[in-house]
Amino acid sequence: MSLGLLLALLAWGTLVGLDLVSVPQMMIARPLVAGPIAGAMLGDVWTGLTLGVLFELFQYEVLPVGAARYPEYGPATVAAVSAAHAAAGTLGLGLGALVGLISGMAGGVSLHVVRRLNARAVRRATAALEAGDARVLVRLHTAAILRDAARAAVVTALGLGLALLARTYLAGTISARGVMLLDVAAVGSALAVGTAGTLRLVGRGPDLRWFAAGVVGGAAVAWLR
Amino acid sequence: MSAAPRARPAFGRSLLRLFTVQGSWNYERMQGVGMGVAEEPLLRDLRVAGNGAAYRAAVARGAHFFNAHPYLCGLAVGAAARAEHEGVPPEQVERLRTALCGPLGSLGDRLVWAGWLPFTSGLGLIGVALGLGFPAILGFLVVFNAGHVALRWWALRAGWTHGVRVAVALRQPVLQRATAVLGPAMAFVVGAALPLVAQYLSGGFLGWSRVALAAVAAGGFALLWWLRARLTGVRLGLALLAVATLAGWLWP
Amino acid sequence: MSIALYRIDDRLIHGQVVVGWGKPLNVGFIVLVDDAVRGSTWEQELYRMGVPAGIEVVFASTAEALACLPDWERDARVGLLVAGDIDTLAALAGDGRRVPRINLGGLHHRPGRSPRLRYVYLSDAEAAQLKALAARGVEITAQDVPTARPVPLEDFT
């Protein structure tokens, strides 16, 4: 992979990470968007779409309400696509999922760290804020956005580094059957997480009937195709 | 003392800043600083009116603790700014902001996080599963953001229009109908997406691996359901991948 | 059924309550115990706007809640009771027999409070008050959303 391409992926992962919470929350952070665009950059749209769909299922578990802590799947999907593309034909989905899930966890931890750093910065500026100093207010806010951008860049870089390590040390050491087992684990867990997450969102009220009707309809379409 | 609100307040600037409202999210003031940044352009008239102290006090209040759904924060920004212009007593402005946190959070979470977002994302998933590829992704982004931007814009305008009587804005029939319809619509669309996505992702699995996939998905779902407070999706995924890696080495 | 969750949360009814807990518990009614909100019709109207039509919202003062608690416990629907401070739930709990469990869902930063968990800030007096409640037999855990791990009181006080 060329340095230019690596930098482009890093930039994309940073934008995606920034979009999740800070700016502008237009949902490029969703794996369904982050993955295919990373795939297009690598000239491998199929891998991008497939891992985008896979991580979008994981994303269904996340309900970003209040101060709840959750993994970050945007930059993780970019790293996953990079890993899976580099290992095309050998490890594919399973390797991508492994890299992506570890990066997703790291992303979640990094969000927590940045929120604590932001709290510390706010505490330091309390006197100026209470005096209604608009310049300090805007400066504090801008610095926090830059902090989040740096966080997103570090998480993406970590993910891309993991992808490099995985394809250097894992690819070729696992048998064809092992590859299939990894793929089964990746897709099976994504389907389980997506279903459980959706059911939590739907709840046990009247919407459950609509969910059941959707499953029947979707299954019928799948069967007819 | 109250300053007459300008006919055209700095909505554009405030709206742009609202797109960054969570940029300084922290555990102490949560969205407070971002709220203050977004409200500040709407408060500049107070300074122009020669009331620098009122401006600074309003800016300070605007940056106090706040947490609601980011897309609906504009409602509180607009309402608080209008109240400041109308000379509403400071403690009442604070009370208004506090009282808006919960309802705007709850309404926005139902409307967007548990409604519009999974609904449009579910449509995107169906599109990809049916082979539409990039147009499905683009469609998701365009449709989702049409609702997203409209909601942010409406919230800011409605907050400014109604001020302390902002509950009137939340009674909008369109808003009430949207929250009532989006729950079942989201459930149906994501329900339909799941089997189609399962088919899409399992295309490369044949023979024993297809049976294993069904077993892993069913077993994983059961584990997540029973151990909901202890087992997260990431942990389940990593555990299954670790077992698969080990099995792959032991069973070449 | 009865009240499935007694929650302390200074944001009262918000997304974590309605979507996070309300959906999986299939909540039929929410009791908001707050003396100030009980006396303010515009605030009640706001809180009602955030709750789906199928869920009843009951606004009560602490005194009213004490009187109505047995009725809510006998209600056929699943209920959720939320108060904004420790004092209110301490008054409801009494000797610990009326409120078996308390969920600490969110007490945020205020001068004099220090961080205990990312969503729980307590002053020393508040921490002591919670310990006293626990000594009366009330099981207290902190948990913002159902998918998070419940944290026992002794781990953060």
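Predicted model: local features only at pLDDT ≥ 70, side-chain atom pairs only at ≥ 80, totals over all residues.
Trainee: Leaving aside its neighbours within four places in sequence, which residues is Leu54(A) in contact with?
Mentor: Leu54(A) is in contact with Leu93(A), Ala97(A), Ala186(A), Val187(A), Ala190(A) and Leu201(B). Two residues are in contact if their C-beta atoms, placed from the backbone, lie within 7 Å.

Trainee: Which residues have the most contacts inside the largest nonpolar core?
Mentor: They are Leu54(A), Ala76(B) and Val197(B), in a core of 215 residues. Such a core is a set of buried Ala, Val, Leu, Ile, Met, Phe, Trp, Tyr and Cys residues joined through C-beta atoms within 7 Å. A residue is buried if 20 or more other C-beta atoms lie within 10 Å of its own, these atoms again being placed from the backbone.

Trainee: Which element gives the largest share of this core?
Mentor: H5(B) does, with 19 residues. Helices (H or I, at least four residues) and strands (E, at least two) are DSSP runs, numbered from the N terminus.

Trainee: And why does the core lie between domain 1 and domain 2 of chain B?
Mentor: Domain 1 (11–190) and domain 2 (206–250) of chain B both give residues to the core, so it lies between them. The domain bounds come from an automatic or database domain assignment.

Trainee: How many residues of chain B are in contact with chain A?
Mentor: In chain B, 81 residues are in contact with 86 residues of chain A. H8(B) gives the most to that side of chain B, with 17 residues.

Trainee: What is the secondary structure of chain A?
Mentor: Chain A has nine helices and zero strands. Buried residues make up 63% of its 225 residues.

Trainee: Turning to chain C, in what order do the seven strands of the open sheet run?
Mentor: The order is S3-S2-S4-S1-S5-S8-S9 (chain C), with mixed pairing. Two strands pair if DSSP finds at least two bridges between them.

Trainee: Which are the edge strands?
Mentor: Strand S3 (56–60) and strand S9 (151–152) of chain C are the edge strands, and each pairs on one side only. Two bridges join S9(C) to strand S8 (residues 139–142) of chain C, and these strands run antiparallel. Ala142(C) stands opposite Val151(C) in S9(C).

Technical notes. Residues numbered from 1 in each chain as written. Chains lettered and ligands numbered in written order. Buried ≥ 20, exposed ≤ 12 C-beta atoms within 10 Å, placed from the backbone.
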